[in-house]
Structures are given as structure tokens and as C-alpha cells.
Amino acid sequence: MQDCNPQLNLSDRLSRQWAVWLIVLTIPVVCYGITLLMPTFDDFTYFTAPYPKSLSERLIPFGSYWRPFDAFFGYFIERHVGLFPLANHLCVFAGHIGNTFLLYRLLERLKVGPLARNFGLLYFYMAPGVLGTVLDIDSLNQTYSLLFDLMGLLCFVTLEGRWRLVGWIACTYVATLFKENGIMWFVITPLLASMFLHCSKKTIFRFVAVGMCCALLYVAVRLSFPVNHIPFNHEYTETTFVAKLKDLFAFIGLTFLPLDYVALVHDRNYLWAACSAVLTLSFFGYVSVKNHRTLLGKIGLLLLLCVLIAAAPHLATVFTAMHAYGLMPLMALLWALIINRLPRKPLLLSLMTLSLFTIILIDLHHWNETRLSGQRQERLSKQALRVLGAPVDSVFSINVVDDYRKYSTFCVRPTDAFAWGNGVQLMTAYRWPKTWEDVSIPEEQRRRVPEIADSAYRVGFRKVLLISHETVTLVAKRNAQDKQEP
């Protein structure tokens with residue numbers, strides 16, 4: 001009998017931690033999948049891209065950013081161009097695995113049952129809301145900001161005395177230096193502590209006050225630094241009612257409604273979008289109705305408040321698919337606590353299985369569209385190299401913007417995938433061309449192409465390229481006779 005105990009214990013651990021083993025088994029597959037994703041659009045312009053940059057300029061606030069860890073990573077990538085974007089992908093995914101492990105520790109700390117813990121863990125690992133970060137190339141800041149925020153929360157609920165404050169404050173400062181929205185956890189962590197430590201309201205308010213003082217200290221230090229002013233992205237300054245309404249819908253949809261948004265926005269496949277909504281939301285609706293007391297009780301409302309606090313910086317600026325990532329651990333905690341108090345009935349297990357399987361299909365669809373966008377960039381960049389033929393110092397490109405239905409970073413229109421010639425410069429290891437400028441025009445203004453090319457040649461550009469749909473052509477330099485109107 002004694003010899004059988006290890007086998008029984010192993011079997012028990014496997015049944016109680018099946019999500020952990022499933023995640024471990026899928027890590028090699030996911031790693032391979034993300035290595036097939038190539039950079040497009042903004043992936044080439046953030047600090048973690050290899051274009052030449054000054055490290056000293058980026059260690060201090062750069063426009064609206066202060067992200068020194070991105071600056072260090074970009075400095076490394078600039079000197080090892082061949083590692084881009086592989087190193088970015090692997091570091092982002094490693095951070096996501098770390099966040100998943102920290103969530104597991106928090107779920108253990110809450111003493112939720114095996115079924116609820118496994119679902120919460122697996123949901124965070126592959127929820128549609130995390131894909132804007134996990135499948136992206138420039139999301140190092142978002143991933144590790146959350147990592148250190150969760151480490152700070154774990155320090156707060158596991159350590160005692162002054163080490164509790166030291167661990168929490170230090171981790172949250174590091175998170176904030178990865179990305180500015182990490183500062184919100186100076187408030188979120190003490191609020192969540194009431195779930196783990198059962199603190200009194202007076203104690204919680206005291207910790208919140210400490211957190212707010214730490215946040216103000218960060219703001220004071222940041223404002224004391226000189227700032228490298230850069231043109232501000234107009235998307236972050238849009239305050240129209242329509243823009244804010246879109247942000248609100250994006251926040252609600254990406255955080256609370258796991259469905260196939262690529263099918264809805266890009267493919268316009270409304271049938272599958274509706275099916276994915278039914279197949280996933282039937283489970284979440286079922287558990288919400290069955291355990292509405294937890295959802296609308298003290299713990300549920302507290303978690304929803306923390307979700308809103310975490311989303312506040314993005315709702316004040318712009319909310320995109322990437323910005324849902326920092327909210328998803330809170331949502332995973334909420335769903336785990338709701339499921340924890342429900343009996344394991346066949347209907348619950350069936351709906352849960354169906355929901356998770358549908359989420360896998362949604363993830364594969366998003367991954368495939370991201371892969372196709374990256375391949376589009378590669379094809380255009382290789383075409384441009386063939387058209388240019390030999391190294392040139394300066395290139396000007398004219399991008400004809402078509403009616404391609406784009407969706408975030410998953411489905412990128414061809415001219416955006418081309419990324420202003422950055423793909424070409426990456427293929428030449430940034431040796432040439434040294435200068436690349438561009439202009440974008442709508443399809444109906446295509447007749448202006450010769451005139452724009454003439455202007456580019458006149459100011460000294462050696463070559464002018466036309467990027468239209470998925471084709472790159474050379475716009476030849478005209479002589480005086482060619483310019484005459486017929």
C-alpha cells in the first residue's frame with residue numbers, strides 16, 4: 001500500500017492542476033507560432049525596435065513616455081539586429097508565462113478550488129483580451145509592467161512588516177518605469193489586499209494613502225527631468241464624443257466579451273462572430289446568473305472597481321486591443337471566484353469546455369491574421385529591394401491608402417504593413433537607405449503621383465517608389481518634355 005501512495009499523489013496532482021500541465025505542454029507550440037510573426041506598422045518605431053537611436057535621450061522622458069527598460073532593450077537590439085523580432089517575441093511570451101505563474105500563486109492564496117483555479121489560469125493564458133500584447137512585438141513594456149505589478153501584489157499579501165511595504169513599493173515603481181499605467185497599482189494592490197488579508201477599512205485606506213504618496217513622488221521626479229519633445233500621436237489627444245465612445249466599447253468588449261473580433265471587424269463574417277459570442281458568453285452568462293451574489297457582492301464589485309482603475313489611463317487617452325492585457329488577471333480572478341462557489345454539474349463543465357475550445361479557435365484566427373500581415377510586409381519589402389536594385393542613400397515612397405478593413409495590429413493594410421520602408425532597412429541591417437521619407441494619399445488622388453514624385457526628386461531623393469495595394473513600383477524621374485500637359 002505504501003508503494004502506491006506516490007502514484008496516487010501524482011494522479012491527484014495531475015487532476016487538480018491540469019491547466020498547469022496543459023500550459024507547459026503548449027509552450028513549445030506557442031513559441032514556434034509566435035516566431036512566425038513579423039513586424040509591421042508601429043513595431044518598427046517604438047524603443048524596442050533596432051533603428052538607430054540615442055540611449056541617453058531615451059533614458060529620460062521622451063515626449064509622453066518614460067520607459068528606460070525599453071530603451072535598454074532597444075539599445076541591445078540595435079547592436080544585434082539579427083535578433084529582431086525573435087528576441088522581442090520570446091521576451092514578451094516569457095513575461096506572459098511569468099504573469100500566468102503569479103496568477104496561479106494568487107489563486108492558491110485565495111484558496112479557490114481546483115476547477116475554478118484551473119479555469120482562471122487557462123482563461124488568462126489564452127483569453128482574446130491578451131492577444132493584443134502576446135502576439136505583438138513592441139509590447140515588452142505592457143507585459144513586464146504587469147509582471148512587476150503582480151509581484152508587488154504577491155509581496156503585499158505574503159510578506160509581513162516593513163518588507164511588505166518595501167516589496168510592494170519597489171515592484172510597483174519598477175512596473176511604472178516599464179509602462180506608466182503601472183502606477184495605478186499603488187491603489188489597486190491595497191484595495192485587493194482586503195480579499196487576501198481581510199484588513200479593516202481603516203488599514204486599507206492607510207495603505208491607499210501610502211500608495212498615493214508614492215505615486216505623487218514618482219510624478220514629482222518625472223516632472224523634474226528634462227523632456228525630449230517629439231510630435232504627439234494625435235490618437236492620444238482625441239477627445240470627441242465619438243472617439244471616447246469607441247474607447248468605451250473597446251474596453252467593454254475586449255475585457256468582458258471574449259468573441260472573435262477579427263471576424264466581426266475585418267472579415268465581416270457576422271455568422272461566425274455571433275457563433276463565437278454565443279459559444280463563449282453562454283458559459284459566462286450561466287455562471288454570472290448562478291452566482292450573481294459573488295458578482296454583485298463586495299468581492300465582485302471590488303474587482304470590477306480595480307478593473308476600472310487599471311483601465312482609467314487608457315480610457316483617458318485611447319483604448320486599444322493591447323491595453324486590455326493589464327485588466328485580464330483581475331477578470332480571471334473574478335471568474336475564478338464566481339466559479340468557485342458553484343457545484344460541478346455536467347452543464348457547467350460542458351459550457352466551460354465549449355467556451356475554452358471556442359477561445360482556442362479565436363486565438364488561432366487572430367494569430368493567422370497577424371502572420372498574414374507580417375508576410376505582407378515581407379513581400380512588399382522584398383519587392384522594394386528588387387525594384388531599387390542597388391543600394392541608394394535616400395528613398396521616397398508614395399503610399400496609396402485603399403479601403404482595406406484594418407483591425408488593430410492583427411489585420412494591417414498593405415501600406416501600413418510596409419511601415420514606411422522600415423522593413424527594407426531591416427533587411428539591409430540598416431546599412432541603406434539612410435534616409436526614407438513617405439507620404440500617404442487616398443486612392444482617388446492617385447493622379448497626383450507624378451507631381452509628388454517630381455517634388456521628391458527635386459529635393460534630392462534618389463529613388464521614388466509607389467506602394468499600392470500589395471505592389472511596389474518605381475516612379476521614374478521625368479524630364480521637362482514628359483511633364484508637359486498633352
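These legends describe close-up views of a predicted model.

**View 1. Helix 5 packs against helix 8.** Helix 5 covers residues 86–109, and helix 8 covers residues 140–158. Two packed helices are described by the angle between their axes and the distance between the axes. Here the angle is about 25°, and the axes are 9 Å apart. Helix 5 is therefore roughly parallel to helix 8, because angles under 35 degrees count as roughly parallel. The crossing of helix 5 with helix 8 is left-handed.

**View 2. Residues of both helices make the contact between helix 5 and helix 8.** From helix 5, the residues in contact include Cys-91, Val-92, Ala-94, Leu-102, Leu-106 and Arg-109. From helix 8, they include Leu-140, Tyr-144, Leu-147, Met-151, Leu-154 and Thr-158. How many residues of this contact are nonpolar, polar and charged? The contact of helix 5 with helix 8 has 14 nonpolar, six polar and two charged residues.

**View 3. Cys-91 is in no disulfide.** A disulfide is a covalent bond between the sulfur atoms of two cysteines. The structure holds zero disulfides. For Cys-91, the nearest cysteine sulfur belongs to Cys-31 and is 11 Å away. A disulfide needs the two sulfur atoms within 2.5 Å. Is Cys-91 buried, partly exposed or exposed? Its relative accessibility is 26%, so Cys-91 counts as partly exposed. Cys-91 also belongs to the contact between helix 5 and helix 8.

**View 4. Cys-213 is in no disulfide.** The nearest cysteine sulfur to Cys-213 is that of Cys-214, 7.0 Å away. Cys-213 has a relative accessible area of 53%, so it is exposed. The cut-off for exposed is over 50%.

**View 5. Leu-25 sits in helix 2.** Helix 2 spans residues 18–35. Is Leu-25 buried or exposed? Leu-25 is exposed, because its relative accessible area is 65%. How far apart are Leu-25 and Cys-214? In sequence, 189 residues separate them. In space, the separation is 41 Å, C-alpha to C-alpha.

**View 6. Asn-181 lies in a loop between two helices.** The loop runs between helix 9 (162–178) and helix 10 (185–197). Asn-181 has 13% relative accessibility, so it counts as buried. The cut-off for buried is under 20%. Which residues does Asn-181 touch, not counting those up to four places away in sequence? They are Gln-142, Ser-145, Pro-313 and His-314.

Technical notes. Residues are numbered from 1 along each chain as its sequence is written. This is a predicted model: local features need pLDDT of at least 70, side-chain atom pairs count only at pLDDT 80 or more; totals for chains, interfaces and linings use all residues. Side-chain values use heavy atoms; hydrogens and water are left out. Helices (H or I, at least four residues) and strands (E, at least two) are DSSP runs, numbered from the N terminus. Buried means under 20% relative accessible area, exposed over 50%, partly exposed in between (1.4 Å probe, protein chains only). Axes are lines fitted to C-alpha atoms, for helices over the stretch in contact, and angles run from 0 to 180 degrees between N-to-C directions. Angles under 35 degrees count as roughly parallel, over 145 as roughly antiparallel, 65 to 115 as roughly perpendicular and the rest as oblique. A crossing is left-handed if the near helix is turned anticlockwise from the far one by less than a right angle, and right-handed if clockwise. Contact means heavy atoms within 4.5 Å. Ala, Val, Leu, Ile, Met, Phe, Trp, Tyr, Cys and Pro count as nonpolar, Asp, Glu, Lys and Arg as charged, and the others, Gly among them, as polar.
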